[in-house]
Amino acid sequence: MNQEQKQQIATDTADGIYEAYPNLWERFGDKGYEHTVKDNHHHLDYLETAWELQSEQSFVDYAIWLETVLVSRNVETALIIDNFRRLMDIVPRYTETTQGDFMLGCLDRAVRLLELPQHKRG
């Protein structure tokens with residue numbers, strides 16, 4: 001993905017989240033929206049790194065770390081899961097099939113883990 005594509009994916013994802021959860025505007029305002037766009041750039045960067053390393057686990061580790069950070073900032077795990085699911089819908093449009101399939105696997109694995117109660121994640 002080039003930078004223009006990443007920006008499109010990040011913006012489309014943030015727009016979808018804020019449309020689905022309008023209360024986020026009240027909770028986090030414009031800064032929250034900007035952070036959501038920036039966070040999606042990070043998600044995409046980590047997906048690309050996982051692809052380069054051929055390591056789904058590196059993205060899963062990132063997702064666990066991300067949850068810790070965002071939950072401490074009053075962002076629910078459900079919103080992270082929603083974000084990753086939105087990426088699952090969008091990313092394949094911007095990637096070659098093998099890379100897209102790999103990234104979908106990373107996102108799916110992260111979602112399945114985040115859906116588990118924390119005490120069952122071992």
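Visitor: Leaving aside its neighbours within four places in sequence, which residues is tyrosine 94 in contact with?
Guide: In this predicted model, tyrosine 94 sits in the loop between helix 4 (77-90) and helix 5 (97-115). Once neighbours within four places in sequence are set aside, the contacts of tyrosine 94 are Met1, Gln5, Gln8, Ile9 and Asp12.

Visitor: Does tyrosine 94 count as buried, partly exposed or exposed, and at what relative accessibility?
Guide: The term buried is kept for residues under 20% relative accessible area and exposed for those over 50%, with partly exposed in between. Tyrosine 94 therefore counts as partly exposed, its relative accessibility being 22%.

Visitor: What pattern does the chain follow when it is read along the sequence?
Guide: The chain has five helices and zero strands. Read along the sequence, its pattern is therefore made of helices, as the definition of these elements numbers them from the N terminus, and it is written α-α-α-α-α.

Visitor: What share of the contacts with a separation of 6 or more is accounted for by residues 24 or more positions apart?
Guide: Buried residues make up 43% of the 122 residues in the chain. Among the contacts with a separation of 6 or more, the share that joins residues 24 or more positions apart is 68%.

Visitor: Which helices do the buried residues of helix 1 pack against?
Guide: Helix 1 covers residues 3-20, and its end C-alpha atoms are 26 Å apart, in agreement with the 26 Å that its 18 residues should span at 1.5 Å a residue. Its buried residues are Lys6, Ile9, Ala10, Thr13, Ala14, Gly16, Ile17 and Tyr18. These buried residues pack against helix 2 (23-53) and helix 4.

Visitor: Which residues does histidine 41 contact, leaving aside its neighbours within four places in sequence?
Guide: Histidine 41 lies in helix 2, and at 17% relative accessibility this residue counts as buried. With neighbours within four places in sequence left aside, histidine 41 is in contact with Lys6, Gln7 and Ala10.

Visitor: What covers the buried residues of helix 3?
Guide: Helix 3 (residues 56-72) has 17 residues and reaches 25 Å from its first C-alpha to its last, close to the 24 Å expected at 1.5 Å a residue. Buried in this helix are Phe59, Val60, Tyr62, Ala63, Leu66, Glu67, Val69 and Leu70. The cover over these buried residues includes helix 2, helix 4 and helix 5.

Visitor: Where is glutamine 54 found?
Guide: Glutamine 54 also has a positive phi in a residue other than glycine, with a value near 55°. Its place is the loop between helix 2 and helix 3.

Definitions and conventions. Residues numbered from 1 in each chain as written. Predicted model: local features only at pLDDT ≥ 70, side-chain atom pairs only at ≥ 80, totals over all residues. Heavy atoms only, no water. Helix = DSSP H or I, 4+ residues; strand = E, 2+ residues; numbered from the N terminus. Buried < 20%, exposed > 50% of the residue type's maximum accessible area, 1.4 Å probe, protein only. Contact = heavy atoms within 4.5 Å. Expected span 1.5 Å × (residues − 1).
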